[in-house]
Amino acid sequence: MSIELIGIKDFPIIKKGDDLPNIVYESLIKNDITLNDNDILVLAETVVSKAEGNYVEIESIVPGDEAIELSKKSGKDAKQCQIILDHTKKIIRCQEGLIITETPHGFVCANSGIDNSNCEKGYVTPLPVNPDGSARKIKEFLDKKFGSNCKVIISDTHGRAWRVGAIGIAVGISGMHPITDFRGTYDLYGQELMSTIEGTADELASAASLLMGQSDSGICLVLIRGYDSSITTCSSTEASISEILRDENEDAFR
């Protein structure tokens, strides 16, 4: 088996109200790409948020008392703390230079995923409100255009609890389940696997992140071709990124 990663070049700067599914389609055509059934597209979440008008002007924010207290504890700007709180379900940890939150989606991450990279100066982009729904719209549009059964992953960059460095992870998905459950199968020695569940969507998002880069690379859409997703393939509406989230009752670290 071999897997090919293709960075889609010349993807335009996205503005509020842009027809993102059609822009993805036109970008693929300009790169001479026709989608096949098992092709997987990984799209950066910032692009999705900008197209959906999901961004915030920092100077328009008036911080409340909780944001001011959070600013004192973290050393972060009070306006930015208010934006974080506005997109937070729960504060998990706060210390100098770091705020760990749970987002309304259930993601545990720094600053609720609020991001100012690849965004106009003075603005930040929260995570998409419904990243699964955003992925589904893109998949369904592309499937009609290409007569394909592609998969779409919306990705973001997150840190990890025990390791230095950020990696790409999946925050939205359509056309495939985000995990592959190997429980009940057997290893090379005939031993039954009892607990092995692979975070497939995160692995694919992380692979795509190598091409997307973290600064001015300009690649926000990556095609992954050659990965056998037959085990996880499903309808456009069946999968949810929530499948990959560990229940808080089973989380030994919260």
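Which strands and helices do the buried residues of H1 pack against? In this predicted model, they pack against strand E2 (40-44), helix H2 (45-51), helix H5 (131-146) and strand E12 (221-225).

## Helix H1

Helix H1 covers residues 20-30 and is mostly covered, with eight of its eleven residues buried. Leu20, Pro21, Asn22, Ile23, Val24 and Tyr25 are among the buried residues. Ser27 and Leu28 are also buried.

After H1 comes Asp32, which has a positive phi, near 60 degrees.

## Strand E12 and its partners

E12 is one of the elements that the buried residues of H1 pack against. Four of the five residues of E12 are buried, so the strand is largely enclosed by the rest of the structure.

E12 pairs with strand E1 (residues 4-7) in the antiparallel sense, over four bridges. Within this pairing, Ile6 has Leu223 in E12 as its bridge partner. E12 is also joined to E2 by four bridges, and these two strands run antiparallel. Here Ile40 stands opposite Ile224 in E12.

## Cysteines

How many disulfides does a search of the whole structure find? It finds zero. A disulfide is a covalent bond between the sulfur atoms of two cysteines. For Cys94, the closest cysteine sulfur is that of Cys81, at 7.2 Å, which is too far for a bond. Cys109 is in no disulfide either, as its nearest cysteine sulfur, in Cys94, is 14 Å away.

Is Cys109 buried or exposed? Cys109 counts as buried because its relative accessibility is 6%, and buried means under 20%. Cys94 has 29% relative accessibility, so it counts as partly exposed.

Technical notes. Residues are numbered from 1 along each chain as its sequence is written. This is a predicted model: local features need pLDDT of at least 70, side-chain atom pairs count only at pLDDT 80 or more; totals for chains, interfaces and linings use all residues. Side-chain values use heavy atoms; hydrogens and water are left out. Buried means under 20% relative accessible area, exposed over 50%, partly exposed in between (1.4 Å probe, protein chains only). Contact means heavy atoms within 4.5 Å. Two strands pair if DSSP finds at least two bridges between them. A disulfide is a pair of cysteine sulfur atoms within 2.5 Å.
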